[in-house]
Amino acid sequence: MAHPETLDRLVRRVAAQVRWRRAEHHALRGAFWASLPAVVVIALKGPIGPRAIAIAAALVVGGVLAGALWGVLKRTADADAARLADRAFGLEDRVATALEWAERPDRTPLVEALVRDATARVSALSPRTIVRRIVPREARFLPVPVLAVLVLALAPPVPMPSGRLPDFTPGTEEEEKEARTGSGELEQRAPRENRDPLRPPSFEEREFAARSGAASASTAGDLSAVFKDTSLSSQRPDFNSFLKKGDERLKLLEQVDRLPDLASDFTASQYKMVFKKSKALSSGMRPNDISPKKLKELLEEMERLGRKGGNWNSDVGEGMEALEGGQTDKAMEAMQKALDKMRAQEEAQRGGKGLRGGRDNDRSGGGRERGRGEGGGAEDQDFGDGEGLLPGKGKSNSPKGEASRRLQASPYDVGVEGESRRGRKDGYDTNMTGRGGQMGSRLQYLGVIGQYRKMMEDAITRESVPRDYHEQIKDYFQALDER
Amino acid sequence: MTQDARVQEFVTAFDGLRAEVEKVIVGHREIITHVLVGMFAGGHVLLEGVPGLGKTLLVKTLSESLELSFARIQFTPDLMPADIIGTNIIVEDSEGRKHFQFQPGPIFAHVVLADEINRATPKTQSALLEGMQEASVTVGGASRPLPAPFFVLATQNPIEMEGTYPLPEAQLDRFLLKLRVRYPAIEELNAIIDRTTHAHPVSVERVMSGAKVMAFRELIREVPVASHVRDFASGIVMATHPQWADAPDVTRRFVRYGASPRGAQALILGAKVRALAEGRYNVSVDDLKALAAPALRHRVILNFEGEAEGIDVDNLVSQIVDGVEASSARTKEPFLR
């Protein structure tokens, strides 16, 4: 079989283009990195002398040449060049396939036809540069060191430090007098600033940190950040008054539950964000003295949120009117109504995930309805706060009837009560009462949920579940998993 | 005959066969092409589409264009395996002696249309498995070869899922390609109306023999594939596996099981046919990209999240192909390596 000379020539031509582009690319990189020491050399032209310019120029030229040489000498695989040619000339992998198969011992009769076809197509091509130029990232910053070299070359030598301290001895009698007076004041002031020998140094440091924190913005690690969202943020700490009646900050720190929770992200929920602000408004240092200005700001914010699709703007409007009429209590009531609506809407939007909240409203009928949102029915109210579908609780599909009723009916039956806590949990410790009370057991909540989830995944992919239900099923298991 | 002439003969035969089918079938040019690709590659094709889009008509027309025997099996829930592969029956000879005689089922035809294949029970569906893979069936302990060429074209309806038995993965994997028949455009619909309500029905000529089909199948296997093209096919198939270390994020997130090695075989064989049908002597990367969705869409099994999110497997495969192309050496600038 004839060797595909034409194809080889094409590949060699492309490889040469590749080498040339590589040389350009690496020469630019070399110029950049060599110009950095050149800047240093030019900056030191004072001590180095007139040779500095020549050395800098040699460095830059050397960098360019080294880069170009590196680019030229890098090996280019024929297969890469052939693929590049195929792509650039639209040859649909003919050249690469022909070159690869022409030398193979297991070539098929079609390979010869392929080589002929590829050769004919390549012969019809007009040679052109197909390898595009790739400018290295460093080239964008190249003007900076080059400009620095030029400026430093033209500028006078940079004065170098001589290694001695500056001379601070007074030159005139007046300066000498001023110096003497100043030193006297320092000597007089020094005893006033003497540290208390009884106070430990750590205490002094804390005091210093607190004062500097009050005067300027809080910095990382500054404990004063915890007061950021409280009324104390704008007050300076007064440790003199602390000795008499106690510092408000320390009092606040003792009430841990009233401090803002810096770890939780309230911005994820509009309701939580507004609720937190309203709570801060009514439970500050003086809960009965609510600032109408702050209340107005909060109502305005709720109105702004309501314009994005909320249904609480009428209540907010009532609150604003009441506030203008000086009826703060009425305004607070209207704000509470608006908050309830906001929560109900957010619960409704979350759909099946809003399983929590039944106990927030004291388990009273009306409170439940409000807490469960608009979509919550009476049947759903068995979900307690932090409780799941515990054995013996909730609506049961068992043909035997609800477990709880059976328990009431028969004193010898076994009741299972679960102990739960908030948040994600590994399992329920089940306290057995009655006959089974002798034997402790543990229900692996996550394990069971995991198994059911897997079964659900299998079932939903194997059997035909309407697509509309997929999201609901997923949400349901997601909600279970989050518990 | 020179190689050029052989290839030219194939191109002419391929175009001629397609033209015959297009006498009856309006539009669906890509579907027709892929059906022919499946036939010449020696595989079987699954056609999926809502009723009335001409799936069965396409297969019937194709069989009428070939000088091959044709059998149609309408799959129903009460269809039994023996109804497909045949059974031994007692016959009496001239001397009055009784003996068993094998009565071949409809599977013993060159072109078999398995219409609405997902309506039969898995047991009956699996009766096709051996025939599709081994080109032979075993009845009463005796293996009986099927006629060559043997080509199964199955149809299924994706929307009426009630009372159906979705094909298991093992059965799906037997199909070289799965084609989705889309609804026609308005111009095509007008042409369908004109053509099918005309007084004189269109007649189709038989343009290709079974021997020719077999000869072309041999020719197709001679088409060379460059190593980087083969690597590209392997990369696509591997990228459908969520367990693979370099699997793209979209695969890890939405795929439960990836394509089997049969997927890579289907890609390469289909690409060979496509290349030769275009008069090209080699497989290109573009051939693989064109065949990726038909060859892999039924081999990529979505997980729960993928099903719940309503992920379209075609889009998924397309993203995988794009990802593999971006990361393969083909798209990297070779002179910077």
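This is a predicted model: local features need pLDDT of at least 70, side-chain atom pairs count only at pLDDT 80 or more; totals for chains, interfaces and linings use all residues.
The buried residues of H15(B) are covered by elements that include helix H10 (227–239), helix H11 (249–254), helix H13 (285–296) and strand S13 (301–302) of chain B.

**Helix H15 of chain B**
- H15(B) has 15 residues, and its first and last C-alpha atoms lie 21 Å apart, close to the 21 Å expected at 1.5 Å a residue.
- Its buried residues are Val313(B), Leu316(B), Val317(B), Ile320(B), Val321(B) and Val324(B).
- Those buried residues line one face of the helix, because they fall within an arc of 135° when H15(B) is seen down its axis.
- On the other side of H15(B) you will find Asn315(B), Asp322(B) and Ala326(B), which are exposed.

**Asp314(B), a residue of that helix**
- Asp314(B) sits in helix H15 (residues 313–327) of chain B.
- It counts as partly exposed, because 15 other C-beta atoms lie within 10 Å, while a residue needs 20 or more to be buried and 12 or fewer to be exposed.
- Leaving aside residues up to four places away in sequence, Asp314(B) touches Ala293(B) and Arg297(B).
- Arg180(B) is 134 residues away from Asp314(B) along the chain, yet their C-alpha atoms are separated by 10.0 Å.

**Helix H9 of chain B**
- Helix H9 (residues 210–221) of chain B has 12 residues, so at 1.5 Å a residue it should span 16 Å; the 17 Å between its end C-alpha atoms agrees with that.
- Val213(B), Phe216(B), Leu219(B) and Ile220(B) are buried in H9(B).
- The buried residues of H9(B) fall within an arc of 120° seen down the axis, and therefore line one face of the helix.
- Exposed on the other side of H9(B) are Ala211(B), Met214(B) and Glu218(B).
- Packing partners for the buried residues of H9(B) are helix H1 (3–24), helix H2 (29–41), strand S11 (208–209) and helix H12 (261–277) of chain B.

**Helix H6 of chain B**
- In helix H6 (residues 127–134) of chain B, the buried residues are Ala127(B), Leu128(B), Gly131(B) and Met132(B).
- Around the axis they cover an arc of only 105°, so they sit on the same side of H6(B).
- They pack against helix H4 (81–85), strand S6 (111–115), helix H5 (122–125), strand S7 (136–139) and S9 of chain B.

**Glu162(B) and contacts along chain B**
- Glu162(B) belongs to the loop between strand S9 (151–156) and helix H7 (169–173) of chain B.
- Glu162(B) is exposed, because it has 6 C-beta neighbours inside 10 Å.
- From C-alpha to C-alpha, Glu162(B) and Arg119(B) are 9.3 Å apart in space and 43 residues apart in sequence.
- Of the contacts in chain B between residues at least 6 apart in sequence, 76% join residues at least 24 apart.

**Where chain A meets chain B**
- In this contact, 33 residues of chain A touch 28 residues of chain B.
- On the chain A side, the elements that give two or more residues are helix H1 (5–43), helix H4 (78–89), helix H5 (94–102), helix H6 (109–123), helix H19 (445–462) and helix H20 (467–482) of chain A.
- H6(A) supplies the largest share of that side, with seven residues.
- By class, the side of chain A that touches chain B has 13 nonpolar, six polar and 14 charged residues.

Methods
Residues are numbered from 1 along each chain as its sequence is written. Chains are lettered from A and ligands numbered from 1 in the order in which they are written. Helices (H or I, at least four residues) and strands (E, at least two) are DSSP runs, numbered from the N terminus. Two residues are in contact if their C-beta atoms, placed from the backbone, lie within 7 Å. Ala, Val, Leu, Ile, Met, Phe, Trp, Tyr, Cys and Pro count as nonpolar, Asp, Glu, Lys and Arg as charged, and the others, Gly among them, as polar. The expected span of a helix is 1.5 Å times one less than its number of residues. The arc is that of the directions from the helix axis to the C-beta atoms.
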